Amino acid sequence: MSHIELTAIIVDEYDPAIAFFVHVLGFELVEDSPAVSSHDGHAKRWVVVRPPGARTGILLARADGEHQRAGVGNQFAGRVGMFLRVDDFEGAYARLRAAGVTFVREPRHEPYGSVVVFLDIAGNRWDLLGPRPA
């Protein structure tokens, strides 16, 4: 095994999710292709975003059915489930605040680096992680 290719986040709609990940978080849109649902054959899209230079991407999966819609924003049962490492913590934090990203609490400094919890467009919790203290 060499690496994890994708992880998925369930979203309400594709385009607002793409806008959040690309224009707010600064991810690249790697793919946006038509696809067909394996459940009932209706049209869907294969949408993949990832941080610039990263190998692992995120599949933005539009909720299909009531069961999946119930998971939007609760992908990780209220826990932080995604961890975004940045080189310039203060700059990234300021940029995300200016873009209207919701932060759950104030930044703190831990032995593993600076950290602040934010919500993605679906309401899932992420850690924004900065470098370890020198």
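Begin by selecting strand 3 and strand 4, which pair in the antiparallel sense over 2 bridges. Two strands count as paired if DSSP finds at least two bridges between them. Helices (H or I, at least four residues) and strands (E, at least two) are DSSP runs, numbered from the N terminus. The structure is a predicted model, in which local features need pLDDT of at least 70 and side-chain atom pairs count only at pLDDT 80 or more, while totals for chains, interfaces and linings use all residues. Residues are numbered from 1 along each chain as its sequence is written, and side-chain values use heavy atoms, with hydrogens and water left out.

**The sheet**

Within this pair, select Val49, whose bridge partner in strand 4 is Ile58. Next, select Gly53 in the hairpin of strand 3 and strand 4, which has 6 residues between the strands. Gly53 takes a positive phi near 85 degrees.

Now display the open sheet of 4 strands, which has the order 1-4-3-2 and mixed pairing. Strand 1 (6-11) and strand 2 (28-36) stand at the edges with a single partner strand each, so one side of each is left without a neighbour in the sheet. From one strand to the next, the twist averages 25 degrees; axes are lines fitted to C-alpha atoms, for helices over the stretch in contact, and angles run from 0 to 180 degrees between N-to-C directions.

Strand 1 and strand 4 (residues 57-62) pair in the parallel sense over 6 bridges. Select Ile9 to find its bridge partner in strand 4, Leu60. Strand 2 and strand 3 pair in the antiparallel sense over 8 bridges; here, select Glu28, whose bridge partner in strand 3 is Arg50.

**The nonpolar core**

A nonpolar core is a set of buried Ala, Val, Leu, Ile, Met, Phe, Trp, Tyr and Cys residues joined through side-chain atoms within 4.5 Å. Buried means under 20% relative accessible area, exposed over 50%, and partly exposed in between (1.4 Å probe, protein chains only). Select Phe21, Phe27, Ile58, Leu60, Phe118, Trp126 and Leu128, which touch the most other members among the 27 residues of the largest nonpolar core. Helix 1 gives the most to this core, with 6 residues.

Which residues does Phe118 touch, not counting residues up to four places away in sequence? They include Phe20, Leu25, Val101, Trp126 and Leu128. Contact means heavy atoms within 4.5 Å.

**Two further residues**

Select Arg108 in strand 6 (residues 108-110). Arg108 is partly exposed, with a relative accessible area of 31%. Leaving aside its neighbours within four places in sequence, Arg108 is in contact with Gly113, Ser114 and Val115. Arg108 and Leu129 are 21 residues apart in sequence and 10.0 Å apart in space, C-alpha to C-alpha.

Finally, select Ala77 in the loop between helix 2 (66-69) and strand 5. Is Ala77 buried or exposed? Ala77 is exposed, with a relative accessible area of 63%. Its phi is near 55 degrees, a positive value in a residue other than glycine.
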